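Colleague: I have not looked at this one before. Can you put it up and walk me through it?

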Amino acid sequence: MNRAGFGGTPADIETLRKMGLYRAVSWFVDYDKIPDPTPAPDWAHPDPDIIARREAIRNAADPETRRMLQQQQNQEQTSQIADLRYWWIRRMALGSRPFQEKMTLFWHGHFATSFEKVQMPYFLWLQNETFRQNAIGNFNQLLVAASEDPAMLIYLDGANSHKDAPNENFAREVMELFTLGEGNYTEQDIQQAAKAYTGWGLSKDRLRYEYHPGNHDEGPKTVFGQTGNYTGEDVLNMICQKPECAPFITKKIWRFFAQDQPPPPIVDALSHEFLAHNFDLKHLMRAIFQSKEFYAPDVIRSQIKSPVQWLIACTHQLQAPLPTEPMSLVMLRQLGQDLFQPPNVKGWDGGIAWVTTNNLLDRDNFAAALVEGNRVPLPGLLGQMRGLLNSMAEDGLMQIAPVDVTALFTAGDLSSPYSFLEALQARFLNAELKPQRLASFTEFLKARSPIEETDIRKSIRLIMCTPEYQLT
Amino acid sequence: MNNPLFTTRRDFLRTTLLGGALTWTVPSFVAQTFSALHAEADGALTQVATGKDSPILVLIQLAGGNDGLNAVVPYTNDFYYNARPTISIPANQILPLNDSLGLNPAMTGFKSLFDAGHLSIVNGVGYPNPNRSHFRSTEIWQTASDEDKYLTDGWLGRYFDNACQGCDPTIAVNIGPRLPQAFASHSPTGISLENPDSYRFIGSGKNDDETVAYRSMYTPNPDENVFETGGNSGGSVSMVSGTVTLQNGQSALDFLERTSMDAKVSSDKIREIAGKTPDNSKYPASGLAKNLQLVARLIGGGLPTRIFYVSQGGYDTHTGQRGGQDARLRELGDALKAFTDDLTAMNHFDRVMIMTFSEFGRRVHENGSQGTDHGAAAPMFLIGANMKQGLLGAEPSLDPTDLKDGDIQYNTDFRSVYASILQQWLKTNPLPILGEPFPTLPIVT
C-alpha cells in the first residue's frame with residue numbers, strides 16, 4: 001500500500017491484507033478495471049489565442065505595455081502550473097488508481113522536464129497524460145512517445161535542432177539517463193544520433209508535435225557501429241535493443257519502489273523477465289510486487305519517504321483532508337519536491353538525498369501544522385515566500401483545521417500509556433520505535449492518565465518527528 | 001606518549017571508533033570527545049581546525065557547464081570569432097583584462113574586483129580525457145578523482161576526515177536543499193541550511209514538554225555501549241552522480257538519526273548567530289545574493305565554519321546562450337561584489353577566499369540554436385583580499401588543430417587549484433586529501 005501507492009489508514013491496509021498477495025497485487029496493477037473519472041483541468045487544451053497573444057507582446061507599442069502583457073502571461077502560467085500541481089497531488093491522494101499515479105510519478109522523475117524551461121503548463125499536462133497512458137505499457141513505445149512529446153522537445157532542445165548543426169542535448173541525455181547509463185555509448189554515438197533526431201519539432205503555432213522533413217538529416221549515421229539512414233525512432237529502437245537497457249530500467253524501478261541499493265541478482269532476474277516479455281512494464285511490475293525479495297525484512301521500510309509520499313501518507317494516517325493548494329505546494333517546495341520542476345534532467349535523486357538537517361527540521365515543523373492546524377505559529381517558516389503567504393493567509397487559503405485526533409483511537413487504545421503507544425506505532429509506523437525513543441515516549445506519557453486530547457496531539461506530532469517515521 | 005595505556009587507548013579509538021563505520025552513527029559531539037583524545041595523541045595529523053580566526057573557503061558551483069569563452073573572452077582571437085558567428089561578443093563591448101583577454105560585459109562586478117586586486121583567474125582548467133556528462137563530470141570535480149576512477153568521498157570530505165575529524169557539524173555549511181557530494185566523507189560532516197529563522201524545532205504551546213520530549217529522543221543514552229558495533233565492516237558513503245547514497249552495511253535509519261542529531265546540535269547555534277547580525281546590508285534581489293548574504297551573516301556572527309557551499313544554476317546554455325549566460329554572470333558578479341563589500345565592512349574579508357567551479361566549459365563552435373554543447377576546459381575564478389591578482393595558468397589555444405573533438409585542451413588540472421588552496425589557504429597537506437601530488441600555483445600573496 002505504501003510502496004505501490006501513497007499509504008492508507010489502518011483500515012485500508014487491513015482490507016488489502018485480507019485480499020491476500022495475489023489479489024492485492026492485481027488490485028493495484030490491473031487498474032484499468034477501475035474507472036477513473038478524474039476530469040482534466042479546464043485550461044488543459046491547446047490555446048488557439050496564444051499566437052495572437054505572443055504577437056501582441058512582440059508588437060506592443062511601448063516597453064511599458066509589453067512588460068504588462070508579459071506579466072499577464074507569466075501570471076496566467078504561474079497560476080496554471082500551481083493548479084496542475086495540486087490537481088495531480090489530489091489525484092495521487094484521492095484518485096481511484098494510486099498505482100497508476102505512483103508509476104506516473106516515477107516516469108516524471110525518469111523523463112524529467114521542468115516548468116522553468118518548458119513554461120507552457122499545457123505541455124506539462126500533456127506529458128503527464130503521456131506518462132499516465134503508457135505507465136505500464138511497453139517501454140519502447142513509452143520511450144518514443146516521451147521523446148517526441150513537446151515538453152521534452154523543448155526541455156532538451158530537440159525542437160531547435162537542425163540538420164545543419166544538430167543539438168546534442170537530447171541525444172546525450174536519452175542514452176545517459178533514460179536508457180543505458182553513462183559509459184555504455186561513445187561521444188561519436190551521441191553526435192551521430194543527434195543527426196537522426198533532427199526533423200522532430202513543433203508545429204508553427206507551437207502547440208503540438210510536428211515532423212519537419214526539411215530539417216531532417218537524410219544522410220547515413222553510424223550508431224553503435226551500425227550504419228544506415230536512420231530516423232530518430234530507428235535509433236531509439238536500437239537503443240532499446242542494447243543489452244544495457246533492460247537492466248538499467250529495471251534497476252531504476254527497483255530503486256524507486258523497493259530499495260536504494262538494488263542487489264545485482266534481483267536486477268538480473270527481473271530484467272530477464274522484462275526482456276523475455278518484450279519490455280512489458282505491467283509484467284515487470286507484477287513480477288516485482290509478487291517477488292519474495294520485495295517483502296524481505298531488509299527491504300521493507302528501508303526507504304526514505306519522498307516529500308510527496310510524506311505529505312499524502314500523513315493525510316491518510318491523520319484521516320485529514322489534503323491541506324489547501326498553497327499550503328500543500330509550499331510544503332512540497334520547501335521539502336525539495338516541486339512537481340513539474342525537478343532540479344535537473346536527472347530528476348530527483350531520491351534516497352538519503354531527500355534529507356538534510358534543514359528539511360528534517362521542516363518536516364518536524366510541518367508535522368505540527370498538519371496535526372495542530374494553524375494554532376501553531378509558523379514564524380518565518382516559509383522563508384522567501386512569506387509575503388505571498390501572508391496575503392494568502394488574509395484570504396483564508398492558509399488555513400489548516402486541527403485534526404480530530406480522538407477519532408483515530410479507540411477507548412481501549414487510550415486506556416493506558418502502553419496500549420496508546422502500541423496503537424500510535426501501528427498507525428504511524430507500522431513498526432516499532434527504537435528503544436531509546438520508546439523510552440522517551442514512555443517518559444512523556446507516564447504522568448498522563450487519562451490520556452487527554454492534547455496528549456494525543458503532541459504524541460502524534462512527536463512520532464512524526466522520529467527518524468523511523470521518515471521511512472516507508 | 002610513553003604511557004602504554006594511552007597508546008592502547010589511542011589505537012583502540014582509531015580502529016574502532018574513528019576509523020570504522022561506527023562514526024556514521026555516533027553523534028558528532030560524542031565523536032568529538034574521542035577525537036580530542038585522538039588529536040592529543042596524534043598531534044598535527046588530526047589537529048582540530050576550528051576557531052574564529054581561521055581561514056574560510058566559500059565554494060560557488062556554477063551548475064550546468066559555464067561557457068568559459070564567453071566569460072573570459074579572447075577578444076583579439078580570430079578563431080574565437082570564426083567559431084561563433086552569432087554568439088561571440090564584439091571586441092568593443094569587452095571589459096579588458098589585458099591585451100588579449102577581457103570579461104563579458106555583464107561581469108562588471110568581476111571587473112571591479114579585478115581592478116581592486118581581489119580576483120585571480122586560472123585559465124584553461126580541466127582534467128585528462130574530459131567527460132561530457134553533467135553528472136559524471138560533476139562527480140569528478142566533487143570527488144577530485146581521475147576520469148576513470150570512481151571515488152566514494154568528496155574532496156572536502158577527505159579534508160574533514162584529515163584535518164577536522166569529529167568537529168562540530170557546522171564546520172561545513174551548505175546553503176541549499178541538497179548536501180553536495182564534495183562534503184561526503186567517512187564520518188559525515190556538514191549541515192544544510194536555507195533559512196535560519198525556521199532552522200529549529202518549533203514547539204506547539206506554552207508548556208514546553210513537547211520540546212523536552214523531542215530533545216530526549218536524540219540525547220545519547222549513557223547506558224548504550226558505543227563500542228559494540230557487531231560485524232559492521234568499515235563502510236563509507238557511496239555516491240552516484242553527485243549524490244550521496246547509502247552503501248552496504250548502512251541503513252537509512254542510521255543516516256536519519258545522525259542527521260536529526262546534527263540538526264538539533266546546530267540549530268540553537270545557527271539561530272543565535274544569525275540573530276547577532278541582522279540582514280541590513282545591501283544585496284541584489286537574486287537568490288544567489290540572498291544566500292551569500294546569509295553566509296556573510298554566519299561569518300560575521302562567528303560560526304566556526306571553514307567551508308561554505310553555495311550554488312547557482314542555469315549555465316547549460318544549449319540554446320539562446322547570450323541572454324541566459326550573460327544574465328547568470330551578471331547575477332554572479334553583482335552578488336559577489338555585494339558579498340565582498342559586506343565582508344570588508346565587517347572586517348572579515350581577509351579571512352575569506354571564494355572559488356567558483358563548473359563541471360565543464362562548452363564547445364568552441366556554437367551549435368545551430370545560438371547555443372553551445374557540452375565541452376571541456378574553462379577558467380576558474382578565485383576571489384579574496386590577499387589574492388595574487390591577475391591571470392594564472394596558460395591561455396588555451398583555439399587553433400582548430402589544437403582542439404580535441406572540438407574542445408579546448410586543458411593546461412591546468414583542477415586538482416592543482418585544489419592543492420594550492422589546501423596548502424596556501426587552508427594550511428593543510430594536500431597529499432593525503434588528493435592522493436597524489438599536483439603542482440601548485442601561487443594564488444595567495
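Modeller: The domain assignment, which is automatic or from a database, gives chain A domain 1 (10-241), domain 2 (307-394) and domain 3 (405-470). This is a predicted model, where local features need pLDDT of at least 70 and side-chain atom pairs count only at pLDDT 80 or more, while totals for chains, interfaces and linings use all residues. Residues are numbered from 1 along each chain as its sequence is written, and chains are lettered from A and ligands numbered from 1 in the order in which they are written.

Colleague: How far apart are the C-alpha centres of domain 1 and domain 2 of chain A?

Modeller: Those centres lie 26 Å apart. The contact between the two takes 21 residues from domain 1 of chain A and 15 residues from domain 2 of chain A; two residues are in contact if their C-beta atoms, placed from the backbone, lie within 7 Å.

Colleague: Which element gives the largest share of the domain 1 side?

Modeller: α3(A), with ten residues. Helices are DSSP runs of H or I with at least four residues, strands are runs of E with at least two, and both are numbered from the N terminus.

Colleague: And how does that side divide into nonpolar, polar and charged?

Modeller: The domain 1 side has 14 nonpolar, three polar and four charged residues. Ala, Val, Leu, Ile, Met, Phe, Trp, Tyr, Cys and Pro count as nonpolar, Asp, Glu, Lys and Arg as charged, and the others, Gly among them, as polar.

Colleague: Switching topic. Where is His45(A)?

Modeller: His45(A) sits in the loop between α1 (10-29) and α2 (50-58) of chain A.

Colleague: Why does His45(A) count as exposed?

Modeller: Because His45(A) has 12 C-beta neighbours inside 10 Å.

Colleague: What about chain B, how many helices and strands?

Modeller: Chain B has twelve helices and 14 strands. Buried residues make up 56% of its 445 residues.

Conventions: A residue is buried if 20 or more other C-beta atoms lie within 10 Å of its own, exposed if 12 or fewer, and partly exposed in between; C-beta atoms are placed from the backbone.
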